[in-house]
Amino acid sequence: MPFLNWKLFPDYKHILTQTSPEVAVPLFQNLIKQAQEQFIRLEENFEPTYEGSIGRLTELENEVSRAYGILSHLNGVKNSPDIRATLEKIQPEFTKLSLLMNQSIPKYKALDELKNTPERWNRLDKVQQRIVDHALRDMKHAGVGFHPDSVEKKRFNEISERLSQLSLKFGNNVLDATKAFKEFITDKNQLAGCSESLLETLKKNAEAQGVKEGYCITLDYPIYGPFMMNCTNRPLREKIYRANITKASEGALNNEPVINEILSLKTEKAKLLGYNTPADLSLSVKMAEILPAAESLLNSLFTSSLPYAKKELEELTDFASKKLGEPAPLQPWDVAYVTEQYRKELFKYDEETISEYFSFPKVLKGLFDVANEVLGIQVKELSADELTKKEITLWHEDAKVFEVSEEGEVKAYFYGDFYSRPSEKRSGAWMDVVSTRYKEKNGETTLPVAYLICNQSPPQSADKPSLMKFRDVETLFHEFGHCLQHMMTRVDYAPASGINGIEWDFVEVASQFMENFCSEPDWIKRLSGHYKTGEVIPQDMISALVKSKQFMSGLATLRQIHFAKVDLALHSEFKPPTSPSDPTVFDKDAEIAKETVLTPRLNEDRFLCSFNHIFGGGYSAGYYSYKWSETYSADAYAAFEEAREKDGLKGVQSIGQKYRNTILALGGGTSPKRVWKEFRGRDTVDIKALLRHSGLDK
C-alpha cells in the first residue's frame, strides 16, 4: 500500500502513478475495511485505562490519517481529475470509519469509567487527562449519545457524510472557476501601469494558454493582486474585479446551492447534538467557548478601528481625486489601485521595486536565521544527494525538503512547495501534517514532518529568482510559525502532539507571532539585498516597510472583522431560503457590509461563493480566530520587545527559549490558558499590544 508504506517520507514519485480511481480506490477500500475489522476486534477488549483505550488506538488512527493525508495533500498541490475522482469516491468511506470509531459505545464506556474512577484517573498525567476529556467531548459531538438503531443516528451519519462531500465540492468549484477565467489582451497600452515583470508574467500566462502574441489575466492571486494594484485602465480593472467577485457563482460551478445546503445541514447537525446553532457547537470546543465572547472581541476591535478606517478612506479619496483624477466615491475596483499609488506617493516605493530586494533564497536564509538566533532552532535544506540517500521523492520538481535540529539533534523535517501553479495547485498558503511526533510502544519516537505551502511568483529564469512581494514574505513567516509549533512539540502522545488538540482560536498565535519579525528594521536588512547587485536595501525603504505595517490598518482590520462577523452570523442566525422571496446569504453579507464596508458594494457581489476558509476549510464559525489569536500573538511579541529593551540580544534569546519551551513545546497537551500563563506570567491578554502594533491607539 504505497499510501502507507513509509515512515517519514512518502514515495511521491511512485504514489503519483497510483492515484487513478482504478488503482487507488481498491487500495483505500481495502485499508478502510482492514481498519474497521481491526477496530471491531479492539472494541472487544477496551479497558478503563489510558493504554487500554486511547493507547490501543493510536497506531490505527495514525495509519488511517497518514494515508488519507497524502491524498488530501495531493488534491491541494497536484489537483487532477484522477485525484479528484478517487477522493470523491473514498471520502465518504473515511467519514463512515471515523463515525464508527467515535460512536463506539465500548470505547466511550471505557473512557467514561476511567474519567470517573479517581484512583485510575489520578494516575494519568495532565496531558493524558486532557486527551481523555477531549476524546469524550469529541465522541459526544460525533453522535455517540444516539441509540445505535435510532432514526437520529442514521440521519446524523448521513449529514456527516454529505458535509464532507460538499466541502470538497466547494473547493473544487473555486479551483475550476479560477482556472476557467481568462482575459486576453493584445494591445499592451491597455495594461498601462503594470510593471515589466508583471507584463512578463502575463505574457507567459498567455503562452501557457497557447496564445503566442499578447497577455492573459487570470484570477489567481499572484496575477490578480498586482494587476488590480497597478493597472491604470479603470474599465479593465472593473471587468476583472467583477469576474473575481462573482467567481464560482454561475452555472455548473455555482457554489450558492452548496453554501445553502452546508448551512442547513450544519444547523440540523447542531440541533441533533443539543446545540441551538452551528456557531454554538463550533465555539464550545474553542478558547472563546461562547458566541458573545467572540462577538465582544470583534465589536471592541470594530469600535477601535472604525474612526481610523473612515479617516484612511477620506485620505485615499482625496488623493485619488487630486492626484489621479479618479471620481468619488471610490469604487471597489479602485481601492487596491489607489491604495498602492498612495503608498508609492508616501513611501516612494512600489511593490515591484521592493520585491527586487527580496529574492526568495535570501528571505529563506533570513527566516532560518531568526529561528536559529531567537529560538535556538537550526534549519537546513537537504541536497539532491541527501534526498537520494534518504530515498525521498517529490510531487513536483520545485518542492524541497528541510531538516530541523536543536542542539545537534534532528527534531523534525518539512517539505516546502513555494511557487504558484494555478493549473493544479489551490490558491493561498497553508501548513499541513505529514507525520505527528509520538512515542511508540517500543520506546522509539516518530519524528514530526510538516508541509509548508505558499503561492508566490515562480522564478522567471535561471538568473532571476522568485522575487517576493512583502506580503509573501510575511506569509512565509506565518506558515513557518505553524510548522514550528508542529515540529518543536515535546508531547509524546499523538492526539495532543504538535498542532493536534490545540484550540482553533489559539492555533494562529505561533504563526502570527513570526510575522512580527518582518517589521524589525534589523531583520528586514538581513532578509534582503538586491537580487542582481546584492546592494543593501536603502534605509528609507526599510522605514517605509516598517511604517507600512500601520498603513491603512484601520481598513485592513475592518475587512477582517467583516469576514468574521459574516461567518458568525451565517452560522448563528441565518436561515437558508426556502422560497424566492427569502433573504439569501448575499443579503446577509450586504446587511453586515452596511456597517463594516465603507466603499460602495456591488449588488452582484458573490464573494461568499469563493470563501474557501469557511465552506471548504476548517474555519466555519471560526474566522474570528484570526483576530482572537492576534491579540495573543501581539502580546507575546510585546514580551520580546520588553526583553530587548531591558537586556538587548541576551534578553531576546532568553524570552525566545521561554517561548520555545511553552507555546512551541506544549502543543495541544496543555490548555491555552495555562500555556499563556506559563509564557506571559499572567492570565489575561493585553489587547493594547495589538492596537499599538496596528497603529490604532493614537
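Q: Which helix is S629 in?
A: S629 sits in helix α26, residues 625-661. Bear in mind that this is a predicted model.

Q: And is S629 buried or exposed?
A: S629 is buried, at a relative accessible area of 0%.

Q: OK, what does S629 touch, beyond its neighbours within four places in sequence?
A: Leaving those neighbours aside, S629 is in contact with D505, F506, V507, E508, V509 and Q512.

Q: Where's N516?
A: N516 is in a loop, the one between α20 (509-515) and α21 (521-527).

Q: Buried or exposed, that N516?
A: Buried, because the relative accessible area of N516 is 7%, and the cut-off for buried is under 20%.

Q: Which residues does N516 touch, not counting those up to four places away in sequence?
A: They are K549, S633, Y637 and H693. With K549 there's also a side-chain to side-chain polar contact, at 3.1 Å.

Q: Switching to the sheet. What's the strand order in the open sheet of 5 strands?
A: The order reads β3-β4-β5-β9-β6, and the pairing is mixed.

Q: Which strands stand at the edges?
A: β3 (378-381) and β6 (430-435) do. Each has a single partner strand, so one side of each has no neighbour in the sheet.

Q: By how much are neighbouring strands turned against each other on average?
A: By 25 degrees, direction ignored.

Q: How do β5 and β9 run, parallel or antiparallel?
A: Parallel: 6 bridges join β5 (residues 409-419) to β9 (residues 449-456).

Q: What about β6 and β9, parallel or antiparallel?
A: β6 and β9 run antiparallel, with 5 bridges joining them. M431 has L452 as its bridge partner in β9.

Q: And how many bridges between β4 and β5?
A: There are 7 bridges, and β4 and β5 pair in the antiparallel sense. E403 stands opposite Y413 in β5. Y413 is also the residue bridged to V449 in β9.

Q: Which residue in the hairpin of β4 and β5 takes a positive phi?
A: E407 does, with phi near 50 degrees. That hairpin has 2 residues between its strands.

Q: How many residues of β9 are buried?
A: 8 of its 8 residues are buried, so β9 is mostly covered. For β5, the count is 8 of 11 residues buried.

Q: Which residues of β9 point which way?
A: V449, Y451, I453 and N455 point one way, while A450, L452, C454 and Q456 point the other way. In a regular strand the side chains alternate between the two faces of the sheet.

Q: Which helix lies across those strands?
A: Helix α19 (residues 470-487) lies across β3, β4 (400-406), β5, β6 and β9. Against β9, α19 runs at about 170 degrees.

Q: New topic: how many disulfides does the structure hold?
A: It holds 0 disulfides. C231 is in none, and the nearest cysteine sulfur, from C194, is 4.4 Å away. A disulfide would need the two sulfur atoms within 2.5 Å.

Q: Is C231 buried or exposed?
A: C231 is buried, with a relative accessible area of 0%. C609 counts as buried too, at 0% relative accessibility.

Q: What separation is there between the C-alpha atoms of E250 and C609?
A: They're separated by 9.5 Å, with the two residues 359 residues apart along the chain. E250 lies in the loop between α11 (234-245) and α12 (256-272). E250 counts as exposed, at 59% relative accessibility.

Q: Last one, helix α5. Which residues of α5 are buried?
A: In α5 (residues 105-115), the buried residues are K107, Y108, A110, L111 and L114. They cover an arc of only 165 degrees around the axis, so they are on the same side of α5.

Q: What do the buried residues of α5 pack against?
A: They pack against α3 (54-77), α4 (81-102), α6 (118-121) and α7 (126-141).

Q: And which residue caps the N-terminal end of α5?
A: S104 does: a side-chain oxygen of S104 lies 3.1 Å from the backbone nitrogen of K107. K107 is also one of the buried residues of α5.

Notes. Residues numbered from 1 in each chain as written. Predicted model: local features only at pLDDT ≥ 70, side-chain atom pairs only at ≥ 80, totals over all residues. Heavy atoms only, no water. Helix = DSSP H or I, 4+ residues; strand = E, 2+ residues; numbered from the N terminus. Buried < 20%, exposed > 50% of the residue type's maximum accessible area, 1.4 Å probe, protein only. Polar contact = N/O pair within 3.5 Å; in protein donor to acceptor, adjacent residues only side chain to side chain. Contact = heavy atoms within 4.5 Å. Arc of directions from axis to C-beta. Pairing = 2+ DSSP bridges. Axes fitted to C-alpha atoms, helices over the stretch in contact; angles between N-to-C directions.
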